[in-house]
Amino acid sequence: MISGVERWRGPDTVAGAEAVQGELAARVEIPAGPVPPPRRVAGLDVSYRKDSDLVAAAAVVVDTRTLEVVEEAVVEGAATFPYVPGLLAFREVPMLLRALDALTTPVDLLLCDGQGLAHPRRCGVACHLGVLTGLPAVGCAKNHLVGEHDEPGPRRGDRSALVDGGDVLGCALRTQDGVRPVYVSPGHRIGVDQAGDVVLGLCGTFRLPDPVRRADHISRRALT
DNA sequence: GCGACAG
DNA sequence: ATCTTGTCGC
């Protein structure tokens, strides 16, 4: 269970949402050195239904040592904000906070399906969730949003920095030999290198980290 | 004007 | 994200 979550007040305009991100971005903390390795990670994801605003959000807590599932939570609701590139958090965060509240297990880190710092205003969905919960958070996106990077080497674990405006925001990480890289960036209370390490350590034999895959499956199944 | 554009 | 079967490639 996550306590002390401040009530989310969603803006209703693009300008308002961007202003909120400016404020949240200022509250993101990125430590210079390593932080204690997370023991329990919550993978998060949201699924949508084609012809309605019904959505399902899932949170799956996984033990990083055994890769065993500790707890799962799924909630359903209505989408209240449209998808706008750069403003994904306003569409998904309200539901994800509800899923997190449904958990009874304390978690050490949030692993989100989307960007963290690798965002136009350095405030991707992982930053929103990290700041609002106070927990360390990492963003792991399947596609690129911002930042330039060299093509990572072809093998599992190969990575190259994501750079934008002179800042290293994250990395393009090859999580399996020959697969397309994922885009990893810190959301809160963790550094770029360690964020990549955490994601790689949770990928098993798949491109995406296990907790996120499980959250995807569960949220999708909930809409059936 | 022409791309790019997390989910 | 979602609608969807078979099929091309390793």
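**The DNA-facing surface**

Modeller: By class, the surface near DNA strand B has six nonpolar, seven polar and four charged residues. The model is a predicted one. There are 17 residues around DNA strand B, and those that come nearest are Tyr83, Gly86, Gln115, Lys142 and Asn143. Among the atoms of DNA strand B within 4 Å of the protein, sugar or phosphate supplies 47%, and the rest belong to bases.

A polar side-chain atom of Tyr83 is 2.3 Å from a phosphate oxygen of DNA strand B. Gln115 uses a polar backbone atom, which lies 3.0 Å from a base nitrogen of DNA strand B. Lys142 also has a polar backbone atom at 2.7 Å from a phosphate oxygen of DNA strand B.

Around DNA strand C the residues are Ser47, Tyr48, Lys50 and Lys142. A polar backbone atom of Tyr48 lies 3.3 Å from a phosphate oxygen of DNA strand C. For Lys142, an N or O atom of the side chain is 2.9 Å from a phosphate oxygen of DNA strand C.

Lys142 is in the loop between strand E5 (137-141) and strand E6 (159-164), and Asp113 is in the loop between strand E4 (109-112) and helix H3 (125-133), so the pair ties together parts 29 residues apart in sequence. Lys142 counts as partly exposed because its relative accessibility is 29%. Asp113, at 17% relative accessibility, counts as buried.

The loop between E5 and E6 also holds Glu151, which pairs with Arg174 in the loop between strand E7 (167-173) and strand E8 (182-188), linking distant parts of the chain 23 residues apart. The side chains of Glu151 and Arg174 form a salt bridge at 3.1 Å, N to O. Glu151 counts as exposed at 58% relative accessibility, whereas Arg174 counts as buried at 7%. In the whole structure, a search finds nine salt bridges.

Technical notes
Residues are numbered from 1 along each chain as its sequence is written. Chains are lettered from A and ligands numbered from 1 in the order in which they are written. This is a predicted model: local features need pLDDT of at least 70, side-chain atom pairs count only at pLDDT 80 or more; totals for chains, interfaces and linings use all residues. Side-chain values use heavy atoms; hydrogens and water are left out. A residue is near a molecule or strand if one of its heavy atoms lies within 4 Å of it. A polar contact is a pair of N or O atoms within 3.5 Å; within protein, one must be able to donate a hydrogen and the other to accept it, and residues adjacent in sequence count only if both atoms are side-chain atoms. Ala, Val, Leu, Ile, Met, Phe, Trp, Tyr, Cys and Pro count as nonpolar, Asp, Glu, Lys and Arg as charged, and the others, Gly among them, as polar. A salt bridge is a side-chain nitrogen of Lys or Arg within 4 Å of a carboxyl oxygen of Asp or Glu. Helices (H or I, at least four residues) and strands (E, at least two) are DSSP runs, numbered from the N terminus. Buried means under 20% relative accessible area, exposed over 50%, partly exposed in between (1.4 Å probe, protein chains only).
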